[in-house]
Structures are given as C-alpha cells and as structure tokens.
Amino acid sequence: MLVEALVLSAILFVIGTAGVLIRRNAIIMFLCIELMLNAVNLSFVALSRYLGIEGQLYVFFVMTVAAAEAAVGLAIIIAIFRHYETVNVDNFNLLKW
Amino acid sequence: MTEPARTTTEALAATAQAGSGFDPVLPGIILLLPLLGFLLNGILALVAGSRSATALRLAALAEPDSEEERVDHQHEVGAPKRATHTLPTWIGPGVMLLAFLLTAANFLRMLGADLHDAVVISYWSWMPTGALSVDAAIQLDQLSMIMMMVITGVGFLIHVFSVGYMKEDPGYPRYFAYLNLFVFFMLVLVTGANFPVMFVGWEGVGLCSYLLIGFWFQDREKADAGKKAFIVNRIGDVGLLMAMFILFSTFGTLNYGEIFAAAPTTLVYGGGVVTAITLFLLLGAAGKSAQIPLYVWLPDAMAGPTPVSALIHAATMVTAGVYLVARASVLFALAPVGAAAVATIGALTALFAATIALKQYDIKKVLAYSTVSQLGFMFMGVGVGAYAAGVFHLMTHAFFKALLFLGAGAVIHSMHHALHATHKDWDAQDMRNMGGLRRPMKWTWIFMWIATLAIAGIWPFAGFFSKDEIIWYVGTSAPFGPLYAVLWGMAVVTALLTAFYMTRMMILTFHGPNRTGEAERKHLHEAPLTMTIPLGVLAILSIFGGWINVPESVRNSFFGGFGLLPMSEWLHDWLLPVTAAADAIRLEQMGAYAYQSPIGGSHVTWGFIATGLALAVVIVASRLFLSRDVKTALEEGEPTSGIGKLLYNKWYVDEFYDRIIVQPVIGISRFSWRVVDRVLIDGTVNAVGAVSRGAGWFGSLFQTGQLNTYAFILALGALALLGVLIL
C-alpha cells in the first residue's frame with residue numbers, strides 16, 4: 001500500500017514540477033505548485049501510518065500555508081493582470097539588477 | 001574624592017621630609033598664572049580673529065584692491081582700541097608680574113631656609129602603569145629657582161616690551177596667548193620633578209616656539225622657518241627620549257631624586273650605559289640649545305617677532321639644554337666621554353657661529369649667531385663640570401642678550417615706521433640701511449652699548465665675570481688635558497671674535513652717517529616708554545648681574561675693587577646642593593682643577609689679559625668700521641668672492657644639509673608616495689575593488705528577470721542536493 005502511495009506522490013510531484021518549468025501561464029504555474037504541495041502531503045499522510053502522527057500534523061500546516069499563499073499569489077496575479085492585460089510570465093522581466 | 005586628599009598628605013610628607021624650613025608659597029599658582037593668561041588671551045584672540053576675518057571679508061567685498069593696499073587696510077583694521085586689543089595689554093604682562101612676585105617670594109624664603117634636598121610637590125598620579133609610575137610633580141630647588149627667576153623676571157620685562165612692539169599687529173591677543181603659554185611650558189620644564197614632566201615642558205616650549213616663529217604665517221618663508229625649527233628639534237627629542245628609555249630600564253624610575261641618588265652606586269664610572277645616556281641627553285640638549293649639528297634652526301627662527309627672539313630664542317628656551325646638563329650633572333660627572341663631548345660640541349659651535357656672525361648684515365641674524373655662540377660657551381662650562389659657571393653665564397646671557405634683542409627690536413620698530421611712512425621697500429633689518437641711529441635713539445644706543453660691552457667680556461660688566469669663569473674652567477680642566485687646552489684656545493678666540501662682531505653691529509647700526517634716506521630720516525624716533533623701560537632694567541642687570549659670582553681671589557684683586565664687591569661666589573655656593581654630588585665624583589676621579597691656565601698664569605692675570613684684549617678688539621673694530629664708507633644694501637649687494645662670501649652664506653651648511661639630508665628625504669618620500677603608496681598600496685586596494693566589481697558583473701548575468709530561468713535553476717539545484725544526499 002505504501003509503495004503505491006509514494007509512487008503516486010512522486011508522479012504528481014514530477015507533473016507539478018514539469019508544469020512549473022514548462023508552462024508560461026501564471027495561473028497554470030500556480031496550480032502546478034499546488035499540485036507539488038499536495039504530492040508532498042500525500043507522502044506525509046502515507047508515511048504517518050507507519051512513523052507516527054506527526055506527518056498528518058505537517059499536512060495541516062502545509063494546507064494552511066498553501067491557503068495563505070494562494071490568497072496572496074492570486075491577488076498578485078490579479079494585480080498584474082490589471083496592469084498588463086496578460087498573465088504570461090515571459091512579460092514580467094523588469095525585476096532584475 | 002579620596003585622590004586629592006592623598007596627594008596633599010603626600011605633599012605635606014614630602015615637605016616635612018625635606019626638613020629644611022623651606023615652605024613654598026603657592027608654587028602651583030606660579031605655573032597656573034601664565035596658563036590662565038593663555039586661556040584668557042586665547043579667548044580674546046578667537047573673538048578678535050573671527051571679527052577681523054569678517055572685517056577683511058567685508059573690506060574685500062567693498063574694494064577689491066591691490067595686494068599692498070589690502071595689507072595696509074589690515075593694519076588699520078587691527079588698530080582700533082577694541083577690548084580684544086586693550087585687555088591683553090593688562091592680562092599678558094599682568095600674569096607675568098604676579099608670577100614673578102610669587103617666584104621672588106619663594107626665592108626669598110629659600111634664601112632664608114637651609115635647603116639641602118629638593119622640595120618635591122606631587123599633585124596627582126599621572127602614569128601609574130605597572131613598573132612605571134610617574135607623578136605630575138614639581139620640584140623646587142636652587143637650580144629650578146634660579147631658572148624660574150630668570151624666566152618670570154626677564155619674561156615679564158619682555159612682555160612689557162611686547163606691548164609697545166606688537167600693539168599695532170592685528171594678531172595682538174594671539175601673540176600674548178602664545179607668549180603666556182610659552183612661559184607656562186618653560187616653567188613646567190624647569191620645575192618638573194621627573195623626566196616625563198620635564199619632557200612635557202620641553203615639547204610645549206617647542207610647540208610655542210613653532211607657533212611664534214610662524215606668527216606671521218601668511219608669509220611662506222616665516223611659516224617654513226617655524227617648520228624647520230620644529231623638525232630639527234624633533235631630531236634632538238629622539239635623543240632625549242632614548243636617554244629616558246635607558247634611564248628607566250637602568251633605574252626603574254624617572255624621578256630626578258631617585259635617579260641622581262642611585263646613579264653613583266648603580267652606574268660604573270665611565271661605563272657604556274652612562275656614556276650612552278649622556279650622549280643621548282646631549283643630542284636632545286643640542287637640538288633645543290642650537291648646537292652643532294642641530295643649530296641651523298635658530299638663525300631661521302628670527303622670522304618671529306623680535307621680542308619672541310629675545311624671550312624664547314635667546315634668554316630662556318634655548319638654554320633648556322644647558323639646564324638639562326646641569327640638572328643631570330651627576331650623570332655627566334660619571335661619564336667623562338659624554339662630558340667631554342658636551343664641551344667639544346660647545347667649543348666648536350661657539351667658534352663656528354662666531355665666524356658666521358662676522359659677516360651677517362641682518363641685525364637679528366648677527367644676534368642669532370651670537371646666541372648660538374654664547375650657548376656654545378655655556379655648553380663648554382657645563383661640559384667641563386663647571387655647572388655653576390654654565391648656569392651663571394646662562395643667567396647673565398639672559399640679561400644682556402635679551403637687552404640686545406629688545407634693543408634691536410626697538411631699532412627695527414623705528415626703521416619699520418620710517419620706511420612705512422614713505423612706502424620705501426627697503427629691508428628694515430639690514431644694518432647697511434641704518435647708521436647714525438644714536439641721534440634719534442639715544443637711550444637705546446646707550447643700553448645696547450652696555451649689553452655689547454657685557455657680551456664682549458669687558459670688566460666690570462656681567463659678561464666679563466661669567467664668560468671668563470667658563471674660559472678659565474675649560475683651560476684648567478682634566479682629564480683630557482690636550483683636548484681641553486685646544487678648547488681653551490678656541491674659547492679665547494671666540495671671545496675676541498664676539499667683541500669684534502658686536503662692535504661691528506653697533507657701529508653699523510648707531511654710528512657713522514645715516515643711510516636710511518632723506519625723507520625717512522625724520523620719521524626715525526626713539527621707542528615708546530613701554531619699550532625703553534624694560535631696556536633700562538635689563539641694562540642695569542647687565543651691569544651688575546655678574547657680581548653675584550666672583551671668586552674670592554678675584555674679589556680681593558682689582559676686579560673686585562679689592563674686596564669692595566658685596567658678594568663672593570654666591571651663585572656657586574647657592575647651587576652647591578644641586579651640584580655637590582657631581583663635584584664629589586669629579587674630585588674623586590680627576591682631582592681638583594689646576595687653577596692655572598694651559599700656558600701659565602693665574603686667573604687674575606688672565607682677567608687683565610682677557611678684558612684688555614677684548615677692549616682692544618672693540619676699539620680696533622670701531623675705528624675700522626667708522627673709517628669705512630658703508631654702502632646701503634641695494635648699492636652693495638651680496639659679497640661675491642672670498643672668505644666673505646663663505647661667511648655671508650654661513651659656510652653653506654644649509655645647502656650642505658639640503659643636499660645630504662633634505663633632498664634624499666624628499667626623494668625617499670617621493671618614492672614612497674609614487675611607488676609604495678600609489679602603486680603598491682592604492683593598487684592593491686583598487687585591485688580588490690576591481691575584482692569584486694567583475695565578480696558582481698559576472699553574477700548579475702544570471703539574474704535575467706525571467707521567472708522560468710529561476711525556476712529551472714531552482715529545480716536543478718534541488719536535484720543536485722538530492723543527488724548529493726542520495727549518493
């Protein structure tokens with residue numbers, strides 16, 4: 001049971017990573033980050049069955065932080081969209097030296 | 001709060017220990033009075049300074065004139081009787097008068113008391129560090145008392161003279177501030193109870209000397225003269241410091257009392273340590289007292305105001321070296337080589353400077369070289385162990401040389417006014433432009449002749465007794481008999497040269513026809529009373545000052561009026577508590593003085609020969625220069641050939657030093673600047689900066705602003721970390 005859960009978690013994490021690296025749409029990248037977080041959550045839950053309850057505790061923390069991050073991130077994306085009329089991250093390259 | 005109480009108890013204990021019945025009257029106040037004068041005058045100087053700066057700025061805005069008129073204007077700006085220019089007149093000489101009266105009171109008390117050990121008054125613990133413990137302490141004994149009397153007494157007269165001489169100068173309050181500060185440091189120098197306190201005074205007077213030589217610092221030449229004096233003195237100070245280091249490592253203390261008490265038992269007679277100490281002390285003394293090879297700063301120091309030359313560069317500061325040798329007499333008595341070096345340096349300097357003085361035309365330069373020469377005499381005296389004779393000449397020299405300088409100041413003052421009245425750009429100090437001044441300046445003329453006869457060593461003036469005593473002791477001294485015979489010959493020749501160049505100066509300045517010019521002549525005038533009265537007092541001292549130290553046999557001869565002189569060897573006896581230890585060592589090691597000159601004859605015989613010869617020289621020189629048709633400076637120009645040119649250019653010593661020392665130092669400095677500093681140090685620092693910049697530029701290439709690039713690198717990094725962890 002554990003192996004399947006961890007394999008699923010790994011597949012989800014790789015999909016999320018690939019999405020962040022390949023896609024240019026900020027919303028999609030954002031969703032992919034959520035996917036990575038939840039992949040990690042899945043492995044936490046799966047392992048907590050054998051190693052103790054702390055894993056599940058971490059999942060709650062991760063979900064809380066992810067919720068906060070989603071709120072802030074989406075607000076930023078909306079603000080950027082209002083300004084540029086696009087959410088393509090290739091256009092957002094002003095913040096450098 | 002317990003600290004002052006402790007030191008007071010200590011002071012009382014020290015006084016009680018001396019057990020002499022000498023109870024000093026407010027000795028600290030004597031030192032603090034000039035310091036107070038400095039503070040008050042200094043505040044006034046700051047006020048006056050900012051005010052005259054404003055006035056000058058306004059004047060410059062109103063009328064952008066030529067340089068010359070601006071200077072004239074400056075004269076006028078300073079002239080009005082503001083508080084900043086009237087108060088220093090009272091503060092400056094006032095504190096000096098009070099200090100002199102207090103000193104005199106202490107002096108009288110010491111006269112009454114039978115004082116054998118110095119009274120040490122400790123105020124606070126200055127450097128309580130481990131093995132070295134130095135107190136801020138002053139010491140009152142016969143030697144420091146004599147020095148204090150000379151400093152405050154002659155100092156007061158010169159302060160009064162300065163009122164007349166400097167009152168039109170815009171820097172009047174600043175002048176008095178410096179002068180008072182100088183007196184304070186000089187008193188610290190002579191009263192310090194240990195070497196570090198003395199050194200504070202030693203450096204302090206050097207600082208004031210620098211400030212006063214460069215008093216008219218707008219003039220580049222004068223500012224440079226100040227720097228020269230300061231730097232040359234630093235070379236001597238290294239010697240003094242080295243001597244202090246050796247003394248501390250030998251004795252573990254720097255207090256006079258402990259060192260001089262322990263020296264005869266701790267140090268080996270003629271040993272390496274004491275010889276090294278004395279030679280280093282000699283270097284220090286030679287720097288401060290302008291002896292070969294460090295004399296070059298003193299003639300240049302004449303750039304300062306003339307009363308400064310009188311006070312600092314003739315009467316007091318330059319005698320600090322003589323004081324130092326007399327103070328450390330025990331050490332010099334233990335080191336015959338060191339003492340002989342002192343005497344030899346003194347004799348060489350005396351003769352050398354006297355030859356230069358023969359051919360100088362600037363009246364102050366003649367007196368400057370004369371001072372160097374007379375300091376050489378004092379060094380000869382203390383070098384052969386005649387400490388009382390050295391201090392005696394120090395004192396009489398303070399009287400007549402201060403008088404000569406102040407008289408020269410009065411002459412220059414008068415000349416300056418006359419030349420200023422008609423805007424003639426002649427040199428007010430060149431004797432060739434003077435002549436015949438005895439008519440307008442009768443009193444100055446008389447007083448200066450008195451001083452001239454005194455310095456020439458003509459009976460019964462002060463210089464006769466002090467100078468002949470030194471010459472006498474030099475000739476009769478041991479242990480290097482032939483050397484001292486040579487030094488004696490040099491001293492005699494120098495004495496005759498002194499009579500010659502001083503007569504030359506007097507004749508050129510005061511006699512013959514006046515060469516200043518028709519229009520200027522009627523502006524020549526006698527100096528005001530504030531200037532002539534100090535001259536008169538000093539003239540009296542120059543006549544009678546020598547009578548306090550006459551050997552018994554001389555007193556009973558013609559020179560003492562066959563026993564009519566009131567005092568016999570008073571100064572010698574007075575200084576005995578200070579010099580007794582040194583005299584005892586000397587007597588034990590070398591025996592008594594021979595009391596016979598190298599070529600025979602007792603001192604009374606030689607007294608007749610000396611004064612007769614000097615008088616003959618004076619008469620011959622006056623006839624020679626009176627009969628000569630002297631040309632003005634413009635007509636004559638510089639001597640162009642022969643020995644005259646050599647002497648006029650001071651044996652080219654300055655040029656020699658420039659070639660041998662100054663230029664190489666400049667070369668090394670330039671190398672340090674252009675190669676070491678610019679290339680090596682700056683290069684290294686700049687290279688570090690450049691490398692950082694380059695690295696930053698390279699790093700900035702990775703910051704593209706592209707989110708995906710960052711994400712990609714992040715992922716790569718995470719993978720790499722993962723790889724490291726797994727492997």
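In this predicted model, helix H10(B) is followed by Ala290(B), a residue with a positive phi near 55°. H10 of chain B itself spans residues 272-288. Of its 17 residues, 13 are buried, so H10(B) is largely enclosed by the rest of the structure.

| Helix | Residues | Number of residues | First to last C-alpha | Expected at 1.5 Å a residue |
|---|---|---|---|---|
| H10(B) | 272-288 | 17 residues | 24 Å | 24 Å |
| H1(A) | 2-22 | 21 residues | 30 Å | 30 Å |

For H1(A), the reach from end to end is close to the expected span. Its buried residues are Ser9(A), Gly16(A), Thr17(A) and Val20(A). Viewed down the axis of H1(A), these residues fall within an arc of 100°, so they line one face of the helix. The cover over them includes helix H2 (26-51) of chain A and helix H29 (707-726) of chain B. On the face of H1(A) turned away from the buried side are the exposed residues Val3(A), Glu4(A), Val7(A) and Ile11(A).

Between the two chains, 10 residues of chain A are in contact with 10 residues of chain B. On the chain A side, the touching residues comprise 7 nonpolar, 2 polar and 1 charged.

Within chain B, helix H16 (residues 363-383) and helix H17 (residues 387-421) have axes that come within 9 Å and cross at roughly 175°. Because an angle over 145 degrees counts as roughly antiparallel, H16(B) and H17(B) are roughly antiparallel to each other. H16(B) contributes residues including Ile363(B), Leu367(B), Phe377(B) and Met378(B) to the contact, while those from H17(B) include Tyr387(B), His393(B), Leu404(B) and Phe405(B). By class, the residues of this contact divide into 12 nonpolar, 6 polar and 2 charged.

Returning to chain A, Gln56(A) is part of helix H3 (residues 54-84). With 14 other C-beta atoms within 10 Å, Gln56(A) is partly exposed. Leaving aside residues up to four places away in sequence, Gln56(A) touches Val45(A) and Ser48(A). The C-alpha atoms of Gln56(A) and Val45(A) are 5.5 Å apart in space, whereas the two residues are 11 residues apart in sequence.

Technical notes: Residues numbered from 1 in each chain as written. Chains lettered and ligands numbered in written order. Predicted model: local features only at pLDDT ≥ 70, side-chain atom pairs only at ≥ 80, totals over all residues. Contact = placed C-beta atoms within 7 Å. Nonpolar A, V, L, I, M, F, W, Y, C, P; charged D, E, K, R; others polar. Helix = DSSP H or I, 4+ residues; strand = E, 2+ residues; numbered from the N terminus. Expected span 1.5 Å × (residues − 1). Buried ≥ 20, exposed ≤ 12 C-beta atoms within 10 Å, placed from the backbone. Arc of directions from axis to C-beta. Axes fitted to C-alpha atoms, helices over the stretch in contact; angles between N-to-C directions. Parallel < 35°, antiparallel > 145°, perpendicular 65-115°, else oblique.
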